[in-house]
Every structure is written in structure tokens, then in C-alpha cells.
Amino acid sequence: MTRTGGPLAGVKVVELAGIGPAPFCAMLLADLGAEVVRVDRPTASGGEGDLLNRGKRSVQVDLKHERGAEAVLALVEQADVLLEGLRPGVTERLGVGPEQCWAVNPRLVYGRMTGWGQQGPLAPTAGHDIDYIALTGMLHAIGRQGGPPQVPANLLGDFGGGAMYLAVGVLAALLEARTSGRGQVVDAAIVDGAAHLGTMLFGFLGTGGWKTERGTNLLDTGAPYYDVYETADGEHVSVGALEPQFYAELVQRLGVAEAVPDRDDPANWPRLREIFAETFRQRTRQEWTEVFDGSDACVAPVLSMTEAAEHPHVAARESLVRRDGLLQPAPAPRFSRTPNPEPGPVATPGADTGAVVQDWKIPQDLLDSGAFGSRR
């Protein structure tokens, strides 16, 4: 069934199957109400548990079939957006590149998601999230003093520097197309987005407020009042008491206000860190949670993903929900007048082929040609 609601209701998106950031972008658009049809290969499998495919419908198209490209173009003709995450030049060779799509739909926004971008020396080579953030300086910046760079899962590259920038670019191009009547390519490269996320840090670096030695700066665990500390039960709490008034409440609730040295002198940071570490190890995470509950000390328990769902604030906002037996993030952000639809079910490859070709009025002869791999 077609889902309704959300600020993108009525927007049609065709997603060429891939992995990681492009599917996440398509999921985000679906969370905002867009109708997303994912084009899977005939051999594709999976479904349950792949939350990046929630809220979409799936058709299977054999792009090696003599009419495979025509089948995709029949969808493109009615779409507002196409998303693809393949290497540069692949969709052109398959017959569904930008020019080929614009021949049937000049207003189409063509979103391209890659690691290195469409041009540049590394554009044709393979890579993963960790490689892209490595080349931007962002990976080097994450970690403790004297230690190696720490990998932030694939959140900074794939999803932060990749999918989110693709989504912003696609939405901007959609707005422009309403005026011009013409689509364009959105070249979203993780290397570009990850670098862009570091804008504030590059600003600090240029004015002497950031050192390239990791773990020595205000926001990278260099400052003892912006760090994590182990508790008596082996768990951790986060401390982010940057502002003086929040810091004052932190040390008062810790009971160390009279013992701490001047925090504004970095020479005192080692001793200050020792005091904080020794103090936090005296109580459990839950005990410290109760001490700081409702305060402005900027202290929070470090929760696992499963624990997070039970936290009173997360539960009250329903930031994490259970749908079809799966714990998953709720759509974000939220809208006052056009609320997001509920997270949709996870698409199974090819399961919606019959319904989509009917809803999108695919020509019968194309359907009968065998280009669509499944007609369930």
C-alpha cells in the first residue's frame, strides 16, 4: 500500500539498489512521506531486519535484459528523484544515466552518492567510510592523546557526510526544479561532506584554537570537563560542562568544588582529570544518574542501544520505537502540520513489483517482456 502523510507526500523517488548511504537517504525521504520505489536486481535477497529499506516498495528489474533500461526509464518518467550509489559511469553504461533519464523526464533530480565523487584521481577506485574520513583529516582528529585514531562506526562518513548531504542536495534541487522546470545532478561525495562537517574545527585550526595533536583540544577529550568517566560498576557517564555556570553545578554535585584547581589553566587539566576520575569511580552509573537528574551540569549516562530505548526521555519522545518486532529510530525531524507517517515495513526485494507496475501504469508489453524479474 502507498503510505500517506509527511511533508514530502506526493514526491516520487526511484532508488537504484545499493548499500549504505544511498539507501539511508532514500529511507529518510520515505520517512518524510515520499513514495520510494527501490529497483533491486533479480538475484537480490534479504528484507527483514534491513531497516534502511523501511517504508519503501521494491521491484526487481534485470538491467542486463534488452529492455531492462527501458523498464527503469518507465519509472523515471513519472518520478521526481532518482538516487544511485554506483561507481561513476556505471549507470550511463546501463542506459539509465542522467542524460538518458532527462530524455524522458527533463525535471528529474538525479542524486549520485559516492565516496570520492564523480571526478578526481580517486573517483574510479574503491573505498569505504573509513577511507573517506581518513583523507579529510576527520579520522585523525578523533581519539585520545597519545593513542591511535578512533573509528566512529560508519556514522561520520556514510551517514553524516554522505546520506545527509545527498538528502539536503536533493531537496534543494527539487525546490529549484519547481522554478526552472529542469532537473540536475546532485554530486554527493562522502569526502566532501565529511570535510564540510569539520567546518568549525577548520575555523579553530586557522585561528590557533585547535591543535592537530588529537586529544589535546576542548572538544576531543583534551579538556577533562568534556569527556567520559568510568563508574563503580564499570559503566560510564558523559560530562559536557563547558560553560562556567554548568561547570560550577558539576563540581558542586560531585562534591569537589573546594578541591578542584583552576580549570582555565590547561596545566591543571591532568590533576583535574584525576579528581573527576577518582570521584566518578566511587558510585555506580545509576547512582550518578540520580545525583545529576534534572540538573544543568551536563552529565548523562552512556547507554547501550538497547538501554537507550528504556530511558525516560527517549521513551517519552518515542525517539526509538518497536515496529514489526524491531527496535528502530523513529522518523526525524518532526513537523507540526504535516506529521511523518509511521515507520513503514521493510521492503522485500521484488515483493511489490506487481503493485508498483500497476500503480505507476507501466506499459503491458514492457511488463510482459521479462525485464521485470518478479511480478509478485
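Student: How much space lies in the second largest pocket?

Tutor: Rolling a probe the size of a water molecule over the atoms shows where empty space is left. Here a pocket is an open set of points on a 1 Å grid over the protein atoms alone, where a 1.4 Å probe fits, with protein on both sides within 12 Å along at least five of seven lines. Grid points are joined across faces, edges and corners, and a volume is the space filled by probe spheres set on the points. The second largest pocket holds about 480 Å³. This is a predicted model, in which local features need pLDDT of at least 70, side-chain atom pairs count only at pLDDT 80 or more, and totals for chains, interfaces and linings use all residues. Residues are numbered from 1 along each chain as its sequence is written, and side-chain values use heavy atoms, with hydrogens and water left out.

Student: Which residues lie nearest the centre of the second largest pocket?

Tutor: Lining residues have an atom within 4 Å of a point. There are 25 of them in the second largest pocket, and Ile19, Gly85, Gly115, Gly127 and Tyr132 lie nearest its centre. Helices (H or I, at least four residues) and strands (E, at least two) are DSSP runs, numbered from the N terminus. On that scheme, α1, β5 (109-114) and α5 each supply at least two lining residues. The lining divides into 12 nonpolar, 9 polar and 4 charged residues, where Ala, Val, Leu, Ile, Met, Phe, Trp, Tyr, Cys and Pro count as nonpolar, Asp, Glu, Lys and Arg as charged, and the others, Gly among them, as polar.

Student: What is the volume of the largest pocket, and how does its lining divide?

Tutor: Its volume is about 640 Å³. Of its 21 lining residues, Phe24, Met27, Leu320, Gln328 and Pro329 are the closest to the centre. The division is 16 nonpolar, 3 polar and 2 charged. Helix α1 (21-31) gives the largest share of this lining, 4 residues.

Student: Which residues of α5 are buried?

Tutor: Buried means under 20% relative accessible area, exposed over 50%, and partly exposed in between (1.4 Å probe, protein chains only). In α5, residues 129-136, the buried ones are Asp129, Tyr132, Ile133 and Thr136. Seen down the helix axis, they fall within an arc of 90 degrees, so they line one face of α5; the arc is that of the directions from the helix axis to the C-beta atoms. They pack against α6 (155-180), α7 (190-197) and α8 (199-206), with contact meaning heavy atoms within 4.5 Å. After α5 comes Gly137, with a positive phi near 90 degrees.

Student: Is α2 mostly covered or mostly open?

Tutor: Mostly covered: 8 of the 9 residues of α2 are buried. Among them are Gly68, Ala69 and Leu75.

Student: Where does Asp80 lie, and what does its side chain reach?

Tutor: Asp80 sits in the loop between α2 (68-76) and β4 (81-84), and is buried at a relative accessible area of 15%. A polar contact is a pair of N or O atoms within 3.5 Å; within protein, one must be able to donate a hydrogen and the other to accept it, and residues adjacent in sequence count only if both atoms are side-chain atoms. The Asp80 side chain reaches the backbone nitrogen of Lys12 at 2.7 Å, and a polar contact of 2.8 Å joins it to the side chain of Arg107.
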